[in-house]
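Have the structure open while you read.

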Amino acid sequence: MKRMVTASVIVAAFVSWAGASENAGLFDKPIKLDVVVLPKDELNPDAKPKITCSRYPAFMVKEVDLGEVGAEKLALLASDAPCERIGERERVIEDDTAGYLIGVSGGFVFFRAADGWNGGLPFVVYDAAAGERLLDDSLEGDDFSAIRSGKGELALDFRRVYTASCSLYLEGTACAKTIAADTGLSPQQLPDCTAAYKAEIKRTPEHAREIEKLPSVIVYPVELTYAAGEAVRSPMDGPTACRIPS
């Protein structure tokens, strides 16, 4: 029986890995980054399976990526834990929204979904010490505008992708009131959805009635703050946009 050999590459500087935000400067730089290259899978020869262990002063985030959609495992461990596929005392992140690690800010760990949804990138934030989910939302693109974190407090600026429960095109004022109550956007800030719906109706006129009923997707700038177990979203000045689900 052949012995399986793995190669380990130790990296001192921060590097981007699959799923990481390109705006890495907003996140804390790991004090050490270990990458363990796993054996190739004969059934998936193009994949580059690996374990990435991002070490911070108080904890480590482990990502096991076998080259499939979404990491096989995401886990929180002690900062000096071995970088192994199966580790002792690891707190595995079992969350449908957590597909890859984005980065870390203070005691907050950011994960993103493996795939986008309705033109946005869902993400979730965890408490590194407790291993608990704190908040989730959806981001346009893959970068935040600003991240500010302190002891137990977090503030994020980004363009939010919000999916309403109604069609702003079909239901007009009634839907606008629902969206305003959910988001804090004023009627003046809400975008005109006519063009988005008409373009899709023109493309597939046989489905016009179904398209008119589709819930509106509103993209707008927001500041999300988290403190004392509560997340608050406050719209900011800036352009808004309307889309239909994709």
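## Rings and cores

F110 is a buried residue, with a relative accessible area of 0%. Keep in mind that the model you are looking at is a predicted one.

Which residue has its ring paired with that of F110? The partner is F27: the ring centres are 5.2 Å apart and the planes meet at 75°, so the pair is edge-to-face, given that angles over 60 degrees count that way. F27 is buried too, with a relative accessible area of 7%. Because F27 sits in the loop between β1 (7–11) and β2 (32–37) while F110 belongs to strand β8 (residues 108–112), their pairing ties together parts that are 83 residues apart in sequence.

A second pair joins F123 and F158, and with planes at 85° this one is therefore edge-to-face. F123 lies in strand β9 (residues 121–127) and F158 in strand β12 (residues 153–163), so the pair ties together parts 35 residues apart in sequence. F123 is buried at 1% relative accessibility, and F158 is buried with a relative accessible area of 1%.

Here are the two pairs side by side.

| Ring pair | Distance of centres | Angle of planes |
|---|---|---|
| F27 and F110 | 5.2 Å | 75° |
| F123 and F158 | 5.5 Å | 85° |

The count of aromatic pairs comes to ten. Ring pairs also link F27, F110, F123, F144 and F158 into a cluster.

Some of these names come back in the largest nonpolar core, which has 35 residues: F110, F123, F144, L154, L156 and I218 touch the most other members. Among the elements that give two or more residues to this core are β8, β9, β12 and α1 (168–183). Which element gives the most? That is β13, with five residues.

Leaving aside neighbours within four places in sequence, L154 is in contact with residues including F108, F110, V125, L135 and Y226. Apart from this core lies another one, of 16 residues, among them Y56, F59, L74 and L101.

Is A78 buried or partly exposed? At 41% relative accessibility, A78 counts as partly exposed. Beyond neighbours within four places in sequence, A78 is in contact with F59 and M60. A78 and Y100 are 22 residues apart in sequence, and their C-alpha atoms are 19 Å apart in space.

Key: Residues are numbered from 1 along each chain as its sequence is written. This is a predicted model: local features need pLDDT of at least 70, side-chain atom pairs count only at pLDDT 80 or more; totals for chains, interfaces and linings use all residues. Side-chain values use heavy atoms; hydrogens and water are left out. Rings of Phe, Tyr and Trp (its six-membered ring) pair if their centres lie within 6.5 Å; planes under 30 degrees apart count as stacked, over 60 as edge-to-face and the rest as tilted. Helices (H or I, at least four residues) and strands (E, at least two) are DSSP runs, numbered from the N terminus. Buried means under 20% relative accessible area, exposed over 50%, partly exposed in between (1.4 Å probe, protein chains only). A nonpolar core is a set of buried Ala, Val, Leu, Ile, Met, Phe, Trp, Tyr and Cys residues joined through side-chain atoms within 4.5 Å. Contact means heavy atoms within 4.5 Å.
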